[in-house]
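Please read the following report on one protein model alongside its sequence and coordinates.

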Amino acid sequence: NSKFRYVHGIGSDSSGNIYAADYYNHAVKKFDSSGTYISSIGGDSGTRLADAKKVIKKIVSNSDLTKGANFGLMEWASRAPKVNVPVSSSGASQIYNMVDSLRACSGPAGCGTNLDNAMQLAQSYLSGSSSPIDPKASCQKTFLIVISDGYWYDRYASKIAEGLYKSRGIKT
């Protein structure tokens, strides 16, 4: 488990643990400060989608992250992205309970991991009249977390994210 197949990135945390993104093994590997292997997330045994689901479940089940926060989930693995779980105080638990039912798109020409269409939907959802953002709450912070299986493209999604930040303070 400690052998690499092309390290694509490396970092550490405040405890001195070292993390290495192992590109060809599709894993992030964790080592202690002396370089001894501890664990990994991902790996050849899982699919990219399975790993993305694991990450989502870890986020929405972490009480440090969910306390006082509203969550929602948007599926963006097609040309027709949709809001699966609207942003709400119960969103984290709803996401945890349904994320395993998400499936990769296969077959029709409309499939693919289309971040551009998804960001357009996110912009509409977060800026429209039924937006979950309270315009009177000056202390409210809004984050758009994009989790992918690793294969996606972006023609103008980054520009939409930049516009959301400049106009509404939404961090992506």
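## A buried charged pair

Lys 29 counts as buried, its relative accessibility being 5%, where buried stands for under 20% relative accessible area, exposed for over 50% and partly exposed for the range in between, with a 1.4 Å probe and protein chains only. Lys 29 forms a salt bridge with Asp 22, with 3.1 Å between the closest N and O atoms; the term requires a side-chain nitrogen of Lys or Arg within 4 Å of a carboxyl oxygen of Asp or Glu. Asp 22 is buried too, at a relative accessible area of 2%.

This is a predicted model, in which local features need pLDDT of at least 70 and side-chain atom pairs count only at pLDDT 80 or more, whereas totals for chains, interfaces and linings use all residues. Residues are numbered from 1 along each chain as its sequence is written, and side-chain values use heavy atoms, with hydrogens and water left out.

## The other salt bridges

Searching the whole structure gives three salt bridges. In another of them, Lys 57 pairs with Asp 100, and the closest N and O atoms lie 2.8 Å apart. This pair links distant parts of the chain, since Lys 57 belongs to helix 1 (residues 48-60) and Asp 100 to the loop between helix 3 (91-98) and helix 4, 43 residues apart; helices (H or I, at least four residues) and strands (E, at least two) are DSSP runs numbered from the N terminus. Lys 57 counts as buried at 18% relative accessibility, while Asp 100, at 42%, counts as partly exposed.

Glu 162 forms a salt bridge with Lys 166, the closest N and O atoms being 2.9 Å apart. Because they are four residues apart in helix 5, Glu 162 and Lys 166 are separated by about one helical turn. Glu 162 is partly exposed at 35% relative accessible area, and Lys 166 is exposed at 63%.

## Helix 4 and its cover

Helix 4 (residues 115-127) has 13 residues and should span 18 Å at 1.5 Å a residue, which agrees with the 18 Å between its end C-alpha atoms; the expected span is 1.5 Å times one less than the number of residues.

The buried residues of helix 4 include Leu 115, Asp 116, Met 119 and Leu 126. Among the elements that cover the buried residues of helix 4 are strand 5 (71-75) and helix 5 (157-168).

## Phe 4

Phe 4 lies in the segment before strand 1 (7-12), and is partly exposed, with a relative accessible area of 38%.

How values were computed
Contact = heavy atoms within 4.5 Å.
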